[in-house]
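Reader: I would like to learn how to read a few features of a structural model, beginning with the surroundings of one residue. Could you take me through them in turn?

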Amino acid sequence: MRGRFSLRFIARYADITEKSGGDMSGKRSIFQNVTFRKLFGAQLIALAGTGLTTIALALLAYEIAGERAGLVLGTALAIKMIAFIFVAPIVGGLIRPQGRKTLLVALDVARAACVLLLPFVTTDWQIYILIFVLNACSAGFTPTFQSIIPQIFEDEEDYTKALSMARLAYDLENLLSPTIAAALLLVVGFDVFFVANAAAFVVSAGLVLSATMPMVVDMQDKAMSAREKIAQGFKIYRKTPRLMGMLAMFLVVAAAGAMVIVNTVVLVRVQFGGGESEVAIAMSAFGLGSLIAALMVPRLVNRLGDQAVMRRGGWLLALMLVLASYVSQFELLLLAWFALGIGYSLVQTPAGRVLRRSANDEDLPKLFAAQFTLSHACWLLAYPAAGWLANVYGFNAAFIIFAIASILAMLLSQQLWQTDDPAEIEHQHDALYHDHLHYHGPHHQHEHEGWEGPEPHRHPHKHEAVRHSHKYVIDGHHTEWPAKTN
């Protein structure tokens with residue numbers, strides 16, 4: 001019921017913001033796209049259940065481990081990151097476009113089974129195994145799901161709105177989950193949360209199953225080994241300057257986010273003498289800033305472009321980490337957390353647009369999986385560093401160290417992802433003789449003697465040397481980023 005209410009609320013808000021944006025062209029709301037509406041509903045309902053499970057897991061850890069609950073949760077968080085880092089590229093590399101719906105449904109069902117088993121665990125190691133399996137399924141689900149959305153919307157503006165709504169969904173759940181959980185705990189035990197989450201995953205699976213997936217021509221070369229397919233997303237990432245620049249920004253996001261998530265409770269309770277309600281208010285300030293920024297992103301990227309918006313967000317994060325070291329009152333902490341939330345969303349929300357323009361459709365699952373893995377690797381570094389630095393050197397020093405690291409990361413980002421970053425690049429193809437799978441269609445047009453028809457085929461042939469300009473991405477025909485010419 002809550003998921004349906006949230007979906008109606010977000011859809012209503014999306015319609016209002018689109019109309020208030022001065023768009024008189026009569027364009028339809030993104031929620032009139034049936035496939036997106038079903039997939040977004042699946043995401044939102046799954047998020048609602050997961051938010052309750054996160055709180056229930058903390059209570060379960062305390063019930064099993066008592067005073068060791070923090071250690072158990074910390075270990076579970078590390079296991080979650082490990083699952084994210086190692087499973088996502090394997091799934092993203094091996095899944096074929098036509099198998100994505102089946103995979104998403106299977107992973108939802110597997111996640112439902114995992115959370116149903118959680119109420120029956122009695123020892124730490126059982127929690128760790130279930131958390132690994134649960135998050136391994138999420139590591140396969142999330143990037144695969146994300147790779148479908150850009151193929152639903154050909155219009156860049158519509159895709160931007162879809163990204164903003166996805167960010168809004170995450171932020172709303174972060175804001176509402178603690179409140180809803182607190183209300184429910186007055187009448188039911190926390191075990192019921194696991195059952196509710198399992199039901200949410202089953203509903204999510206049903207919505208995915210009923211959705212019509214976009215058709216993608218699978219031009220994947222069957223001669224590629226499994227290892228090469230898994231590595232393809234990282235290869236695209238490593239050789240595309242804008243993506244390496246974006247990764248440097250995600251180091252800043254992880255640094256700021258880790259300071260908020262890891263240290264808020266200690267800052268509020270110890271530094272400012274607040275209670276549990278003040279902790280919730282501080283986290284809500286961060287979530288509110290992120291939510292507002294997500295709603296601003298469609299207009300901002302239309303006016304300034306992806307890179308400019310993300311840079312502003314990254315520099316805002318670095319600046320606020322510096323200023324946070326001087327915070328001496330709870331009210332000032334709320335302002336700092338609100339600003340960090342804004343910067344957090346300004347960097348993260350447009351990232352899907354950057355990924356979309358950096359790969360062909362058939363490589364998007366691999367690239368989203370690589371982004372999922374690399375961004376979570378940043379978090380795996382930032383989480384323990386935030387806690388250790390604050391514990392050993394104090395909060396002021398921790399903020400300053402993270403601020404310096406963030407400034408260096410932003411300077412590196414600007415060096416890697418320079419302002420001159422056109423979608424189409426003029427480049428030279430040298431004469432090339434090769435033998436690999438070809439598809440003659442809208443993405444690959446050239447003549448071969450003795451062959452007619454739309455099906456993929458394989459035969460040796462020679463490309464003559466040519467110089468031309470088009471949207472440039474790393475793929476089978478473009479293996480290196482072209483050097484800039486004067």
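Reader: Which residues does S413 touch, not counting residues up to four places away in sequence?
Author: In this predicted model, S413 touches G245, A248 and M249 once residues up to four places away in sequence are left out. S413 itself lies in helix α15, which covers residues 395-416, and it counts as buried because its relative accessibility is 0%, where buried means under 20%.

Reader: How should I read a salt bridge, and how many salt bridges are there by this rule?
Author: The general idea is that side chains of opposite charge can pair when their charged atoms come close. Here the count comes to 6 salt bridges. In one of them E156 pairs with R353, the closest N and O atoms being 3.8 Å apart, and this pair links distant parts of the chain, since E156 is in helix α6 (residues 156-184) and R353 in helix α13, 197 residues apart.

Reader: Is R353 buried or exposed, and what else does R353 touch?
Author: R353 counts as buried because its relative accessibility is 7%, whereas E156, at 32%, counts as partly exposed. Leaving out residues up to four places away in sequence, R353 touches E156, Y159, T160, L163, V301 and D306.

Reader: Which other residue forms a salt bridge with E156?
Author: R356 forms a salt bridge with E156, with the closest N and O atoms 3.0 Å apart. Because R356 lies in helix α13 and E156 in helix α6, the pair ties together parts that are 200 residues apart in sequence. R356 is buried, its relative accessible area being 13%. A further salt bridge joins the side chains of D363 and K366 at 3.4 Å, N to O. Salt bridges that share partners join E156, D306, R353 and R356 into one network.

Reader: How many cavities of 30 Å³ or more are there, and which residues line the largest cavity?
Author: The count comes to 2 cavities of 30 Å³ or more, and the largest cavity has a volume of about 50 Å³. Its lining consists of L267, Q271, F272, A324, V327, L333, W337, F395, N396 and F399. Elements giving two or more residues to that lining are α9 (241-271), α12 (330-348) and α15, with the largest share, 3 residues, coming from α15. By class, the lining of the largest cavity has 8 nonpolar, 2 polar and no charged residues.

Definitions and conventions. Residues numbered from 1 in each chain as written. Predicted model: local features only at pLDDT ≥ 70, side-chain atom pairs only at ≥ 80, totals over all residues. Heavy atoms only, no water. Helix = DSSP H or I, 4+ residues; strand = E, 2+ residues; numbered from the N terminus. Buried < 20%, exposed > 50% of the residue type's maximum accessible area, 1.4 Å probe, protein only. Contact = heavy atoms within 4.5 Å. 1 Å grid on protein atoms, 1.4 Å probe; cavity = no way out; pocket = protein on both sides within 12 Å on 5 of 7 lines; lining within 4 Å. Points joined across faces, edges and corners; volume = space filled by probe spheres on them. Nonpolar A, V, L, I, M, F, W, Y, C, P; charged D, E, K, R; others polar. Salt bridge = Lys/Arg side-chain N within 4 Å of Asp/Glu carboxyl O.
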